[in-house]
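Please read them with the structure open.

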Amino acid sequence: MDCIFCQIVQGKQKADVVYGNDKLIAFKDISPKANIHLLVVSKKHIISVNELENKDKGIVGEMVLAAKSLAKEFGIDQSGYRLVFNVGRGGGQIVDHLHLHLLGGGFLNNGQPGFTDN
Ligand code: AMP
Ligand code: ZN
């Protein structure tokens, strides 16, 4: 499996991990688009929201709640933040393993996260 996020989940690839439990792991984005940019990643390899099934409801709920807790921990719960699931190439998805972007604390270049110009 050459999925980069599976490799991080399995500890085969280094990442700046900030949280983990049995279902998910959270780490700092290697190329941040905001002052705080974390990725909340399911441990199960699910390609994207498009591939979610009814039985995955619990994972998604935990991802959102973990993002909420991390927003508080990183001090952006009051200033505000953005939670983003990019889906497919047209939606800006580069890594085909389900992840939730947590962005806040001021956006770099005042840009929209996860999108290129074309
Ligand atoms: P997406 O465009 O929604 O697929 O987001 C993938 C994100 O993963 C991008 O923001 C990348 O900067 C980030 N990323 C890719 N490889 C790594 C890595 N090894 N460690 C941390 N973040 C990564
Ligand atoms: Zn994977």
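1. Start with a charged pair. Lys23 and Glu62 form a salt bridge, with the closest N and O atoms 3.3 Å apart. The term salt bridge stands for a side-chain nitrogen of Lys or Arg within 4 Å of a carboxyl oxygen of Asp or Glu. Lys23 sits in the loop between β1 and β2, and Glu62 in helix α2, so this pair ties together parts that are 39 residues apart in sequence. Helices (H or I, at least four residues) and strands (E, at least two) are DSSP runs, numbered from the N terminus.

2. Some ground rules. This is a predicted model, in which local features need pLDDT of at least 70 and side-chain atom pairs count only at pLDDT 80 or more, while totals for chains, interfaces and linings use all residues. Residues are numbered from 1 along each chain as its sequence is written, chains are lettered from A and ligands numbered from 1 in the order in which they are written, and side-chain values use heavy atoms, with hydrogens and water left out.

3. How exposed is the pair from point 1? Lys23 is partly exposed, at 31% relative accessible area. Glu62 is partly exposed as well, at 27%. The classes are: buried, under 20% relative accessible area; exposed, over 50%; partly exposed, in between (1.4 Å probe, protein chains only).

4. Lys23 has another partner. Asp22 forms a salt bridge with Lys23, and the closest N and O atoms are 3.7 Å apart. Asp22 is exposed, with a relative accessible area of 61%. The structure holds six salt bridges.

5. Next, Lys44 and Asp56. Their side chains meet in a salt bridge at 2.7 Å, N to O. Both Asp56 and Lys44 lie in the loop between β3 and α2, so the pair ties together parts that are twelve residues apart in sequence. Salt bridges that share partners join another set, Asp22, Lys23 and Glu62, into one network. Which class does Asp56 fall into, buried or exposed? Asp56 counts as buried, at 2% relative accessibility. Lys44, by contrast, is partly exposed, at 35%.

6. Now the metal. Which residues coordinate the zinc ion (ligand 2)? They are Cys3 (SG), Cys6 (SG), His45 (ND1) and His97 (ND1), at 2.0 to 2.3 Å. Donors are N, O and S atoms within 2.8 Å of the metal (3.2 Å for Na, K and Ca); water is not among the atoms, so sites may look incomplete.

7. Check the geometry. Why is the arrangement around the zinc ion (ligand 2) tetrahedral? The four donor atoms subtend angles of 104 to 118°, which makes it so. Four donors count as tetrahedral if all angles lie between 85 and 135 degrees.

8. Along the chain, the donors of the zinc ion (ligand 2) follow the spacing C-x2-C-x38-H-x51-H. One pair links distant parts of the chain: Cys6 in helix α1 (residues 4-9) and His45 in the loop between β3 (34-42) and α2, 39 residues apart. Cys6 counts as buried, at 6% relative accessibility. His45 is partly exposed, at 32%.

9. Turn to the strands. β1 (residues 17-20) and β2 (residues 24-28) run antiparallel and are joined by three bridges. Two strands pair if DSSP finds at least two bridges between them. Gly20 stands opposite Ile25 in β2. A hairpin of three residues joins β1 to β2.

10. β2 also pairs with β3. Five bridges join these antiparallel strands. Lys28 has Leu38 in β3 as its bridge partner. Five residues lie between β2 and β3 in their hairpin.

11. On the β5 side, seven bridges join β3 to strand β5 (residues 99-107), and the two run antiparallel. Ile36 has Gly104 in β5 as its bridge partner. Eight of the nine residues of β3 are buried, so β3 is largely enclosed by the rest of the structure.

12. Last, the surface. Val64, Tyr81 and Leu83 form a nonpolar patch with about 220 Å² of accessible area together. Patches are made of residues with over 30% relative accessible area and no salt bridge: like charges are joined within 9 Å, nonpolar side chains (Val, Leu, Ile, Met, Phe, Trp, Tyr) within 5 Å. Areas come from the Shrake-Rupley method with a 1.4 Å probe; for residues, only the protein chains shown count as cover. Val64 lies in helix α2 (residues 57-73) and is partly exposed, at 35%.

Notes:
Tetrahedral: all angles 85-135°; square planar, octahedral: opposite > 155°, others 65-115°.
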